[in-house]
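Q: I would like to learn how to read charged side chains in a model. Could you take me through them?

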Amino acid sequence: MLKNHFKIALRNLWRHRVFSFINITGLSVGITACFFIFMYVAFELSYDKFHTKADRIYRLVTDIKTPSETIHTDVTSWAFAPNIKTDFPEVEAFVRVNNSPFLVRKDNIKFQEDRSLFADSTFFKVFDFKLIKGNPKTALVAQASVVFTETAAKKYFGNSNPVGKTVLVTGDAIPATVTGVMQDMPGNSQIKADMLISMSSLTEKFNTGLDKAWGNYGATTFLLLKPGTDAKALEKKFPAFMEKRNGVEAKQRQMFATLFLEPLKDVYLHSKRGGQETGSISNVYIFSIVAVFILLIACINFINLTTARSVERAKEVGIRKVVGAAKGELARQFIGESVVLCIIAFLITVILSVLLLPLFNQLSGKIISPGIFSNAWYVIILFVTSIGIGLLAGIYPAMVLTSFKPVMVLKGRFSTGTKGSMLRKSLVVAQFSISIALIIGTIIVYNQMDFMRNRDLGFSKDQIIVMDTNGDPGKEAFKQTITTLPGVKSVTLSSSVPGGGNAGAYSEIENKKGDLQIANLDLYFVDFDYINQFKIKMVAGRPFSKDFMTTDTSQAMLLNEEAVKLFGYSSPQQAIGRRFKQWGREGKIVGVMKDFHFKSLQEKIKPLSMRVELKNINLVSVKVSADHLPGTLAAIESKWKQLLPNRPFSYFFLDEFFDRQYRSEQRFGKLFFNFSILAIAISCLGLLGLASYSTFQRTREIGIRKVLGASTSGIVNMLSADFMKLVLISFFIAAPVAWYFMYKWLQDFAYRIDIQWWVFVAAGILAMVVAIATISFQAVKAALSNPVKSLRSE
C-alpha cells in the first residue's frame, strides 16, 4: 500500500510539474532561510557557554559617581579583584584582562599583535581555553611570559615547538619567554586574543604598584564564585567592602564606586556596558520572529497551492470513493504526497545550505558554521522540520480533498465552501501582513543606516590615513619628513582618533559658581595641527597654536560643548579662562570646540577635553590627496622604514575605521533585507496559488460575462478587486505592529531617525504593486480565454 501511495505521489508531482516546481521551490527556499536564521540565533545564544564553569563566572562592573555624573563602565579598578578575593571566601578565583596591542619580533619577523591581552595567572583556571603546550597553572605566572594561539605561534615559529623560546615585545625589545600555546579562541567567545601576556608583566614591571591603584580603572575583571554561592547576596556585600577598603580615598576624590555582577552568559547579548565584543538581543529576537514568519509563510504557501489544485483532483476523489476507497486511506495518500514533496524540498534545502553557507557566513561577518555536516544535529533538524511541515501543512488539504461528496463531484457541482474560502483568504492576509511589516522594517533599517553613514559628524574623516608608532622615538622626525612629500596635505600626532579608544581622566574644572567641580572627562592628547587637520570647529576661544607654545604645552585645555554644559555654563564663551586640574597639570580653558562625534552614533556625545602633550601621542594621521594615492603611500612607507625600522608598516583609512563601528548594524541590515525579499517572494507564490484557484472556480462566471459583453479590463479589475481588499486589510494590520517593533529597535541608537508617514505609504504601495503583478498573470489569462470553451462543459 505504501509503495502504491508513493508511486501515485510521484506520478502526480510529475504530471503537474509547474505546480510541483513552485511548491517545492517555496518550501526549499523557506526552510533554507529559516535554517540559516536558526544557526545564526543559536550561534549568538551560545556565546561563552562552552566554559564548563560558565554558571559560576561573573563579570565585575562599576558605576562611578562623581559630583558631575554617573559613569556606567565595564571595567574596574586594578585593586578591586585582589582585595575581593582576600575579603570574600565565596570567591574561588579572579582573572583580570586588559587589551594592549604589542609589537612582537622574532629574528626578522615582526608583527603588530592588536589582539593581545594582559591576563592573570588564573586565566586557564577560570576559562576553558585549551592549552595545547605548556602548563596552564604556571604559564602566566612569571613576568614577561607569553602564550600564543596556534595560528599566532606558526607566524613566528612555523611548526616547531615554541615553548621555552624567546620573542621581543614592545618598541623597547623586551625579551619574553613563550610558556604555552593554546587553541585558537572559538568564534563564540567574547574574549578574543591571539596572544596572552602575564599580568605580572604589567603590574610589577611596566606599571609598578598598579595592584594598589584604587582610582585607576582599566581592568576587565571576572570572578569565579564557589559552587552554591548566591551572586545577588554577594553583590549586596560590596558597598560595605568599598567603604572599608576605599572609603577615605573615595571621599577625598569625590568618586564613589558601586560594584555589580553580570553573569558571563548574559554579558554578550544583554549587557549595556559594552566589552571586547557585544551582540544585540533585540536583533536575535527580530531574526527569530522573521524565521517564524518565513516558515509560516512557506506553510501557508504550501496549503494555498495544494487547495488551489483541489478542484483538479475532485473527480479523482469522487471516482475512488465510488469504487470503495475509505476516507482515511485517501487522507493518508494525500498527506503522503505532501511528505514526499517535503522530502524532495529537504534534499534541495541541503544542497542550497551547502552552497550558500559560505555566503551567509560572509554576510553575517562570522563563521556561524564551517558546514552543515560539521554537526549531525543540523541535518537532523532540517529533516525533522521538513517532515513536520509535510505532515502539518498536508492535513488541511487532505481534509478538503477527502470531504468532497462523490455524487456532487461527478455531476460537476461542488464547492469547497465558505469556510474554506475564508480560511484561504485569512492565510493570504497573514502572509501579506508579514510581508508588509518586513517591507516597512527594511525601509526603516535602510534609512537608519543611511542616516548614520551621512550624518555630519562634526569633523573631517576623508582621505586620512592613520599609523601607530607605539611610542617609537622616531615619530616626530617621521612627521616632519613626510609633511614635505608630494600628495601629503597635512600631518598631525595624537593619542586618539575619532572612532578609536581614548583615556578617561579624573578632572577638576572650575564651574559657573567658581568652584572646582570633579568629573571624569574623556581625554585626547594632541599636537598643534590636530584641530585644523580634522576641521573641528571652535565656538569660543582659540585652538592650540605654536604662537602660544609655552602656555599650550603646559597650561592650556580645550573642552567641547557637552563639557561646558556639564559645568553649568549657558554659553561656551563663559568657560574661557576658567581653571582646570587634570592628571598633574593645572591651567586654564583657552577654547571650546563644537561637539563632534568621537564615538559611535549609538552613543551620545560625551564631555571631552584636549591637551597638547607631545610625549604621549603615538598615532600619526596623514591627510593625503586622492591623486596618485599608491605613489604617496609608497613614499610614506619608504620614510617609515627609514625612520622607524623596528616597527612593521601598517595603516588604516580613518573613514573606514570609523565606519567599522557600524559593521554589526550594516550586517543586520543586509541580512534583514535578504530575508525580507525571500519572505515576500514566497508570499507572492501563495498569492499566485489563490489567484489560480479563484480564477478556476469562476471560469463559468467569466465566460458568461464575456458573452454578455464584459471587457477584458473589466474582468481583470473584477478578479483583482478581491485580492486588493485582502492586501489593504493586511496593510492596516501590519502598519501598527511594524511601527511598534521598529520604534523599539531604534531606541538602541542615541542618534536616530524619526519614523516618517511616507514609509508606510511606500510599503503599502509596493505591496499593492507586487500583488497586482502577481495576480495579473492569472487574471489576464482568464480574461483572454475563449468563453465557448469555458461554457461547453456546462
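**Salt bridges and a buried charge**

A: Arg 273 and Glu 262 are both buried. The model is a predicted one. The two side chains meet in a salt bridge, with 3.7 Å from N to O. This pair links distant parts of the chain: Arg 273 is in the loop between α8 (264-270) and α9 (281-308), while Glu 262 belongs to strand β14 (residues 256-263), 11 residues apart.

Q: Which residues are linked with Glu 262 and Arg 273 in a network of salt bridges?

A: Arg 59 and Asp 63 are linked with them in that network.

Q: How many salt bridges does the structure hold?

A: It holds 29. One joins Arg 56 to Glu 92, whose closest N and O atoms are 2.9 Å apart. Here too distant parts of the chain are linked: Arg 56 sits in the loop between α2 and β1, and Glu 92 in strand β4 (residues 91-99), 36 residues apart. Glu 92 is partly exposed, its relative accessible area being 23%.

Q: What is the distance between the closest N and O atoms of Lys 606 and Glu 603?

A: They are 3.7 Å apart, and the pair forms a salt bridge. Lys 606 counts as partly exposed because its relative accessible area is 38%. Glu 603 is partly exposed as well, at 33%.

Q: Which side chain of opposite charge is nearest to Asp 48?

A: Lys 192, 7.5 Å away. A salt bridge requires a separation within 4 Å. Asp 48 is buried yet has no salt bridge. Asp 48 lies in the loop between α2 (17-45) and β1 (57-65). Among the residues it touches are Asn 188, Ser 189 and Gln 190.

Note on methods: Residues numbered from 1 in each chain as written. Predicted model: local features only at pLDDT ≥ 70, side-chain atom pairs only at ≥ 80, totals over all residues. Heavy atoms only, no water. Helix = DSSP H or I, 4+ residues; strand = E, 2+ residues; numbered from the N terminus. Buried < 20%, exposed > 50% of the residue type's maximum accessible area, 1.4 Å probe, protein only. Lys, Arg positive; Asp, Glu negative; His and termini not counted. Contact = heavy atoms within 4.5 Å. Lists of a residue's contacts leave out its neighbours within four places in sequence.
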